[in-house]
Amino acid sequence: MKLFYNPASPFVRKVLVTAIECQLDNKISKQPLALTPVSPSDTLNADNPLGKIPALVLDDGSTLMDSRVICEYLNDQGRGSLFPADSTRWQTLRWQSIADGMCDAAVAVRYETFVRPQEHQWEQWINNQKDKYRRALVVLENEAAEIGNKIDIGTLSIAIALDYIDFRYADESWRDNFPALSAWHQTISSRDSLAQTIPKDL
Ligand code: BEZ
């Protein structure tokens with residue numbers, strides 16, 4: 001399998017973490033891509049018409065796109081336990097949705113502030129995006145005890161979202177306001193799959 005990847009992307013990281021958790025990482029070759037909304041890649045577009053990463057080209061030549069689909073595929077192939085089938089499934093998927101939404105907002109701010117020319121940047125829009133992940137932090141602080149020591153696609157996605165905020169917005173200082181979430185994050189961060197995939201620029 002071939003993964004179009006960028007080590008800064010939290011959505012790519014979800015796929016890498018899942019691959020490690022399911023012991024499939026040695027079956028994936030990584031094709032690095034420096035991609036922004038204004039610098040598309042013809043190579044990627046040939047395999048993923050949406051021009052987005054992560055995109056996983058399977059051995060039969062077909063491509064899976066969207067981190068949620070790719071992660072579920074890898075979990076299935078590796079007989080993993082990241083997507084529970086029992087009654088905890090919906091809370092797991094809900095946490096994944098919250099974390100992915102935080103990343104959507106945080107990545108959108110990154111594009112707005114790093115890629116868009118400064119004279120075209122829209123401060124209210126940036127603040128509204130940041131408010132999305134800030135409101136989500138409040139929810140997760142209240143649920144930190146329930147998150148507990150579970151390891152699944154929901155809790156790993158939350159750790160990845162928090163790491164992306166640290167990576168791009170170190171001045172957020174979210175730990176000051178969310179002590180339970182901070183303690184949880186510190187514990188889960190020592191997990192191998194997370195420690196091996198700390199975000200970095202390409
Ligand atoms: C980033 O540099 O923050 C980034 C790169 C690729 C996808 C998403 C985010």
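This is a predicted model: local features need pLDDT of at least 70, side-chain atom pairs count only at pLDDT 80 or more; totals for chains, interfaces and linings use all residues.

User: Okay. Which residues surround the ligand?

Analyst: The ones around the ligand are Ala8, Ser9, Val107, Arg110, Tyr111, Tyr164 and Arg168. By type, that shell has four nonpolar residues, one polar and two charged.

User: How much of the ligand does the protein bury?

Analyst: The protein buries 89% of the ligand's area. On its own, the ligand would expose 270 Å².

User: Which elements give two or more residues to the shell?

Analyst: Those are α4, residues 89-115, and α6, residues 153-168. The top contributor is α4, which gives three residues.

User: What lies 2.5 Å from an oxygen atom of the ligand?

Analyst: That's a polar side-chain atom of Tyr164.

User: New topic. How many salt bridges are there?

Analyst: The count is 11. One of them pairs Arg13 with Asp163. Their closest N and O atoms are 2.9 Å apart.

User: Where in the chain are those two?

Analyst: In distant parts of it. Arg13 is in helix α1, residues 10-21, and Asp163 is in helix α6. They are 150 residues apart.

User: Why do side chains like that pair up?

Analyst: Side chains of opposite charge can pair when their charged atoms come close.

User: Got it. Now the backbone: which residues does the cis peptide bond join?

Analyst: It joins Ile53 and Pro54, with omega at about 5 degrees. Pro54 is in the loop between α2, residues 42-47, and β3, residues 55-57.

User: What about Gln23: is its phi positive or negative?

Analyst: Positive, near 55 degrees, and Gln23 is not a glycine.

User: Where is Gln23 found?

Analyst: Gln23 is in the loop between α1 and β2, with β2 covering residues 29-32.

Notes:
Residues are numbered from 1 along each chain as its sequence is written. Side-chain values use heavy atoms; hydrogens and water are left out. A residue is near a molecule or strand if one of its heavy atoms lies within 4 Å of it. A polar contact is a pair of N or O atoms within 3.5 Å; within protein, one must be able to donate a hydrogen and the other to accept it, and residues adjacent in sequence count only if both atoms are side-chain atoms. Accessible areas come from the Shrake-Rupley method with a 1.4 Å probe; for residues, only the protein chains shown count as cover. Helices (H or I, at least four residues) and strands (E, at least two) are DSSP runs, numbered from the N terminus. Ala, Val, Leu, Ile, Met, Phe, Trp, Tyr, Cys and Pro count as nonpolar, Asp, Glu, Lys and Arg as charged, and the others, Gly among them, as polar. A salt bridge is a side-chain nitrogen of Lys or Arg within 4 Å of a carboxyl oxygen of Asp or Glu.
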